[in-house]
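Please keep the sequence and the structure in view while reading.

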Amino acid sequence: MTDETTPTNPLLCDPETGTCEMPGSNTHHAIKGSVQPKTKPVKVIYFTDPICSSCWGIEPQLRKLNLEYGHNIEIEYHMGGLLPNWNYNSGGISKPSDVAHHWDEVSVYYDMPIDGDVWLEDPLNSSYPPSIAFKAAQLQDQEKAVLFLRIIREMVFLQKKNITKWEHLAKAAVAVGLDADQLKTDFEGQARAAFEKDLQMAREYGVRGFPILFFMDSAGHKELVYGSKPYAFYENAILKLLPQVTKNTYDKNWQSLFSAYHTLTAREFAELSGVQRSESDQVLDSLVSKGLLEKSVTKNGAIWKKVK
C-alpha cells in the first residue's frame, strides 16, 4: 500500500492487497454516499475499470456471488478512471511497455489469464474510452452493459486488443446485442457526462483504488470490501447486512454454468462448480475432446466456451 508521498502507477497493481491504486492514493476509503437498494434488500456499489487487472481477478468471486445471492443483491457498476493518460512518470512506470511483465506476473497470482504483451504490441493510451463506452452501453441496457464489459475485458486481457479503438468496442457491442450505431452516438454525447458523474461519485465515496465494493441495505447499514479477496469476504458482507438470508442453490453441472456464463476460465469453473482447481483444466479439456466446448489458449492461461 502507499501513502500520500509515495509515487504510484495505477497499472502496477499490488497482488498482496489485491488493488490497483491511482496516483496520490492512500489507504483511507470513506463510505460517504448512501444509495439505498430499489428492488432487492442489498445494493452493491462496485467501482471498477475495464483495464484493472485486480478487477479481472475477482470475476470468479463476483460470478459466484451473483449465482448464490443474486436474488437478494443488485450490483451497480461504476467506472473509476484508472488511467487518464501517460502524462506522468511514477512507480517505475513511465511508458506502456513497462506494464507488460507486471501483467504477466499478476496473471499467475490471480490465476486468471492475462497476456501483458498488449502493452508491447498495441498499447492503450488511457482507460477512459472503454469506460465511456461502458456508460454508453448502460444507457441502452444495464444487463447487456455488464456483458459488454466482460467482452472488452477478455479482449484486452486475453486477446491483446487495444480496447480504446472503436472497431473493438463496436464488435463487443454487436456481440451482446447492443445497437453499435447508438453506442457510438452516446459515446460521443451523453455517455461522457455519465462517466464524469461516475468519477465525481468515486470522489464522494473516497475511492482511491479498484476493485472496491460498497454493500448497503435499506436501513443505511454499510459494509466495504476493498481489493481482490477470497469469496468469503464478499459473502460475509452480505451476511452482516442480511443475517437470515438463504443462499440460492444453483445447478453446478457444466451445461448450466456455461448457459449462465458464456465463457469461463479454469479458475472460474473451479469456483462455480466446486471442482478442485487442480482438476478443472482436465475436466474442461475433456469436454473439448468430446466436441462440447471450445478452448482459446493464451500466453498465461485459457478460456473455454460452449460450442454453438
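Residues 24 or more positions apart account for 71% of the contacts in the protein chain with a separation of 6 or more, a contact being heavy atoms within 4.5 Å. The model is a predicted one, in which local features need pLDDT of at least 70 and side-chain atom pairs count only at pLDDT 80 or more, while totals for chains, interfaces and linings use all residues. Residues are numbered from 1 along each chain as its sequence is written, and side-chain values use heavy atoms, with hydrogens and water left out.

The protein chain has 13 helices and nine strands; these are DSSP runs numbered from the N terminus, helices being H or I of at least four residues and strands E of at least two. Of its 308 residues, 54% count as buried, where buried means under 20% relative accessible area, exposed over 50% and partly exposed in between, with a 1.4 Å probe and protein chains only. The accessible surface of the chain comes to about 13,400 Å², and 50% of that belongs to carbon and sulfur atoms; accessible areas come from the Shrake-Rupley method with a 1.4 Å probe, and for residues only the protein chains shown count as cover.

**The four-stranded sheet**

Strands of a sheet pair through backbone hydrogen bonds, either parallel or antiparallel. Four strands form an open sheet in the order S3-S2-S5-S6, and the pairing is mixed; two strands pair if DSSP finds at least two bridges between them. S3 and strand S6 (222–226) stand at the edges with a single partner strand each, so one side of each is left without a neighbour in the sheet. From one strand to the next, the twist averages 20°. Helix H9 (residues 190–204) packs on this sheet, touching S2 and S3, and its direction makes about 105° with that of S3; axes are lines fitted to C-alpha atoms, for helices over the stretch in contact, and angles run from 0 to 180 degrees between N-to-C directions.

Within this sheet, strand S2 (residues 42–48) is largely enclosed by the rest of the structure, because seven of its seven residues are buried. Val-42, Val-44, Tyr-46 and Thr-48 point one way from S2, while Lys-43, Ile-45 and Phe-47 point the other way, and all are buried. S2 pairs with strand S3 (residues 73–79) in the parallel sense over seven bridges, and the bridge partner of Phe-47 in S3 is His-78. With strand S5 (residues 212–217), S2 pairs in the antiparallel sense over six bridges; in S5, Met-216 is the bridge partner of Lys-43, and Leu-213 stands opposite Tyr-46.

**The three-stranded sheet**

An open sheet of three strands has the order S7-S9-S8, with antiparallel pairing. Strand S7 (263–265) and strand S8 (293–298) are its edges, each with a single partner strand, so one side of each is left without a neighbour in the sheet. Neighbouring strands here are turned by 25° against each other on average, direction ignored. S8 and strand S9 (residues 301–306) pair in the antiparallel sense over six bridges, with Ile-303 in S9 as the bridge partner of Ser-296. Helix H13 (residues 277–289) lies across S7, S8 and S9 and runs at about 125° to S8.

**Cysteines**

A disulfide is a covalent bond between the sulfur atoms of two cysteines. Taking a disulfide as a pair of cysteine sulfur atoms within 2.5 Å, the count comes to one. Cys-13 and Cys-20 form this disulfide, with their sulfur atoms 1.7 Å apart, and the link is right-handed, with 100° about the S-S bond.

| Residue | Relative accessible area |
|---|---|
| Cys-13 | 4%, buried |
| Cys-20 | 0%, buried |
| Cys-52 | 0%, buried |
| Cys-55 | 0%, buried |

**Gln-61**

Gln-61 lies in helix H2 (residues 59–69) and counts as buried because its relative accessibility is 2%. A polar atom of the Gln-61 side chain lies 2.8 Å from the backbone oxygen of Lys-229. Leaving aside neighbours within four places in sequence, Gln-61 is in contact with Ser-228, Lys-229, Pro-230, Tyr-231, Tyr-234, Arg-267 and Glu-271.

Key:
Polar contact = N/O pair within 3.5 Å; in protein donor to acceptor, adjacent residues only side chain to side chain.
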